[in-house]
Amino acid sequence: MSIRLDGKRVLVTGGTGGIGRGLSHAFAGAGAGLVTCGRSDEEAAARMSRELKEIGGEHHVVLADVTRPDQVDTLLEECRTRLGGLDVLVSNAGAISHIPFAELPLEEWKRVLDTNLTAAYLLISKALPLLSDGASIVLIGSRVATVGIPLRAHYTASKSALIGLARSLAKELGGRRIRVNVVAPGVIETPERPLPDEVKQRYHQLTAIGRLGSPAEIANAVLFLASDLSSYITGETVHVDGGI
Ligand code: NDP
């Protein structure tokens, strides 16, 4: 059971670790050409390059901070020169912190909003000339955006804004058959961030399926939305959360 994306040109941000690493493996494994980036971890970027080389194909890993307009320009230039354009754009890089709202400093509010929301604006607006007609944009949101959770008001505000962004852009870009969707993960365990057993148990009880999700399960939904199998789905939010 696998989706093939041979010939598709893909950008995944934040692909050197966590869910983005799983997304990058999945796109490369499906035959897509891939550019991905981390922000600053050179070791993780080098590891990702090695892993992608093993899978084979046209893949490039760079360091670029998606909150910085000049670095987004550089990242997209890499997509243009290496891939010749983009058919799929996945805005995945994200930031989170756990702070009571009453103590939340403006700088932290801005850091989280810049990474989760403004970076998506920068990426999409700057990528428009590169995106093919019929391209697919996938924004990685979060299940908690529409549920709410204490200590993460800034995070949930930024992630729920992605839903409105996708709904409006779907309408604005639909003339070019560009689709814009959100994938909203529940609690995903990544090799980089193993959770303590007691936290895991609590989350197990919160999900209908009784376990945490994996990056590969997020990738399955993202690949579906990136593929022509989802050609009539746009402006939608797909929750991949095991039934929270
Ligand atoms: P991680 O923090 O593990 O992701 C790390 C990746 O993002 C690294 O490659 C990191 O690079 C990169 N990154 C971070 N900030 C930037 C930036 N400003 N510019 C470029 N790259 C950046 O996150 P997860 O994998 O856990 O999450 C991925 C996405 O999924 C996020 O949007 C998150 O909000 C969302 N999500 C995650 C859930 C989970 O349970 N994990 C649940 C719901 C949503 P470097 O290491 O070099 O900084």
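Ser132 lies in strand S5 (residues 131–140); strands are DSSP runs of E of at least two residues and helices runs of H or I of at least four, numbered from the N terminus. The model is predicted, so local features need pLDDT of at least 70 and side-chain atom pairs count only at pLDDT 80 or more, while totals for chains, interfaces and linings use all residues. Residues are numbered from 1 along each chain as its sequence is written, and side-chain values use heavy atoms, with hydrogens and water left out.

**Surroundings of Ser132**
- Ser132 has a relative accessibility of 19% and therefore counts as buried (under 20% relative accessible area, with a 1.4 Å probe and protein chains only).
- The Ser132 side chain forms a polar contact of 2.7 Å with the side chain of Asp87 (a pair of N or O atoms within 3.5 Å; within protein, one must be able to donate a hydrogen and the other to accept it, and residues adjacent in sequence count only if both atoms are side-chain atoms).
- Leaving aside residues up to four places away in sequence, Ser132 touches Arg9, Leu86, Asp87, Arg176 and Ile178 (heavy atoms within 4.5 Å).

**Helix H1 with helix H2**
- H1 (residues 18–29) and H2 (residues 42–55) pack at about 25° with axes 9 Å apart (axes are lines fitted to C-alpha atoms over the stretch in contact, and angles run from 0 to 180 degrees between N-to-C directions).
- H1 is therefore roughly parallel to H2 (roughly parallel is under 35 degrees; roughly antiparallel is over 145, roughly perpendicular 65 to 115, and the rest oblique).
- The crossing of H1 past H2 is right-handed (the near helix is turned clockwise from the far one by less than a right angle).
- Arg21, Ser24, His25, Ala28 and Gly29 of H1 meet Arg47, Met48, Glu51, Leu52 and Ile55 of H2.
- This contact of H1 with H2 comprises four nonpolar, three polar and three charged residues (Ala, Val, Leu, Ile, Met, Phe, Trp, Tyr, Cys and Pro count as nonpolar, Asp, Glu, Lys and Arg as charged, and the others, Gly among them, as polar).

**Helix H1 with helix H7**
- The axes of H1 and H7 (residues 215–226) come within 8 Å and cross at roughly 55°.
- H1 and H7 are therefore oblique to each other.
- H1 passes H7 in a right-handed crossing, and the contact of H1 with H7 has ten nonpolar, two polar and no charged residues.

**Helix H4 with helix H5**
- H4 (residues 106–127) packs against H5 (residues 153–173) at about 15°, with axes 9 Å apart.
- H4 is thus roughly parallel to H5.
- H4 passes H5 in a right-handed crossing, and their contact has twelve nonpolar, three polar and two charged residues.

How values were computed:
Buried < 20%, exposed > 50% of the residue type's maximum accessible area, 1.4 Å probe, protein only.
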